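Please consult the sequence and the structure shown below while reading.

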Amino acid sequence: MHPVYLLVVGLLGFSLTSLQSESAGACEYRTFKSRASGKEVRARLLSIEGKNAQIRTSAGQEVTIPIQALSVDDQAYIQAWSPDERQLKWLEDLSLSEFLRESGYTQTPFNVGSGKLTINVAVNQKPFEFLLDPGKFLTIFNRELADQVGVQPSEVVFGEFPLPDGSLEPVVGGVFKSFSLGQTHLEPWEMGMADLPKIGFQAQGILGADFFQLMGAMIDWQKRVAYCKAAETDSAEPEVGELREYATRSGSKMLGELVKVEGETVTLNVDGGKQLQLPISSLSDTDREYLDLWMTDPRRKGLGSLKISQILSAEGYAPVPYGYGNSTVAAFELELGTEKLRFLLNSTLPVSYLDRAAASRIGMSATPLEEFMLVDGKKTQLHLTTLNKLNTAGNPLPSVDVRIVDLNGANSSGAIPIRTCMIFRFPELAARQAEVDVDGILGLDAIRKLGALIDYEAQKMFVRVP
């Protein structure tokens, strides 16, 4: 008889309480049964190698078992078993907000009203309401409010906004003692400063992508929440488990929290915080099973090994190409049949636009609107079309209404869609902006309909798919 099989027969000599039926892949302890003798052993499946299965018994022994030596039910369980099942089940139950909260992110909701999104911030400890526009590279404070926070604008010009009359509104620098969004604080921080009403923004400030990139943030447009990493803390608090009753082999019982497992010793918090160390071998079979699962549970390993893309995939999101090789412009790419359309993201615009040349290239028909825009100095009627076959990586997306306009002509005349884009003075930034040759601009209507979500730390954008 095979020596491994002899060991199995010996292990199966322990008569243990049978386990209720479990789904394959649960990676929990179950009762394995010998096909020949009918004897049982309490264990969990670790891996499958050819015709053998490796198990760990409740006594802590790792044993290799010939699969054919087990009962028919056990063989079916092993055949359907997936080593990633516990991880996948946990991911299915873990929402994005829970994942980010457990990963140390804070969350700040948007304010929604009058067709725009705003968010509450504090500048030099004074409250302000900023427009939310992660499509802009730079955060800008209304220069007219400089005296309220005691900041003097510098002479350094970051960039300029083109105005309808052909002039340029400069954006200068300003160093602020502090800037706060919820529980996320920067001390000090340099922002841009400009006359926002003159540019066309009735706002105290505009919160841009530079802040979100710096804080490794995420923006969920569907739930209207900004997630930012909180300031790091040097917490010495131990990681603890749930409060449960432990029992020793001698029959004594205690209520405690699991703090850590080191070697053959477990540390519990008992009696209002008092720490107690016990040999693992002194605990009951049930408690040893619990410790084994606790040490290998993905939740106990920490969240660092997980990727946000896994959570988003479970919630129905798909990634789209984002950024075009630089992190200064929030632009991304969607597919329309065989065509690829590149869009600039601008959440301060209530509606979306498609360049006339792009509309002609993809053969889009359009309906005239009672809306007009200055293009090359001429009053030009806008036309509406619907992009109803957009997709990303083959995943269909909701239809998006866009207004057709000559973006190049609109840019030269300072029309609203392009006028909201700052022209950078720094050569390296200007060069990066020039890299983005967009076919259109997605405004707030399309951003919300697509359920767009931006992961600034990973430099990825996601949209919700059916």
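In strand E21, Leu276 is the bridge partner of Leu268. This pair belongs to the antiparallel pairing of strand E20 (residues 265–270) with E21, which comprises 6 bridges. The model is predicted, with local features requiring pLDDT of at least 70 and side-chain atom pairs pLDDT 80 or more, while totals for chains, interfaces and linings use all residues. Residues are numbered from 1 along each chain as its sequence is written, and side-chain values use heavy atoms, without hydrogens and water.

Strands (E, at least two residues) are DSSP runs numbered from the N terminus, and two of them pair if DSSP finds at least two bridges between them. The open sheet has 4 strands in the order E18-E19-E20-E21, with antiparallel pairing. Strands E18 (243–247) and E21 (274–279) each have a single partner strand, so one side of each lacks a neighbour in the sheet.

Strand E24 takes part in two further pairings, tabulated here.

| Strand pair | Sense | Bridges | Bridge partners |
|---|---|---|---|
| E23 (residues 331–336) and E24 (residues 339–345) | antiparallel | 6 bridges | Phe332 and Phe343 |
| E24 and E32 (residues 440–442) | parallel | 3 bridges | Phe343 and Gly440 |

The hairpin of E23 and E24 has 2 residues between the strands, and Gly337 adopts a positive phi near 65 degrees there.

Thr106 lies in strand E5 (residues 105–109). Its relative accessibility is 9%, so Thr106 counts as buried (under 20% relative accessible area, 1.4 Å probe, protein chains only). The side chains of Thr106 and Thr184 form a polar contact at 3.3 Å; such a contact is a pair of N or O atoms within 3.5 Å, one able to donate a hydrogen and the other to accept it within protein, and residues adjacent in sequence count only if both atoms are side-chain atoms.

Technical notes
Buried means under 20% relative accessible area, exposed over 50%, partly exposed in between (1.4 Å probe, protein chains only).
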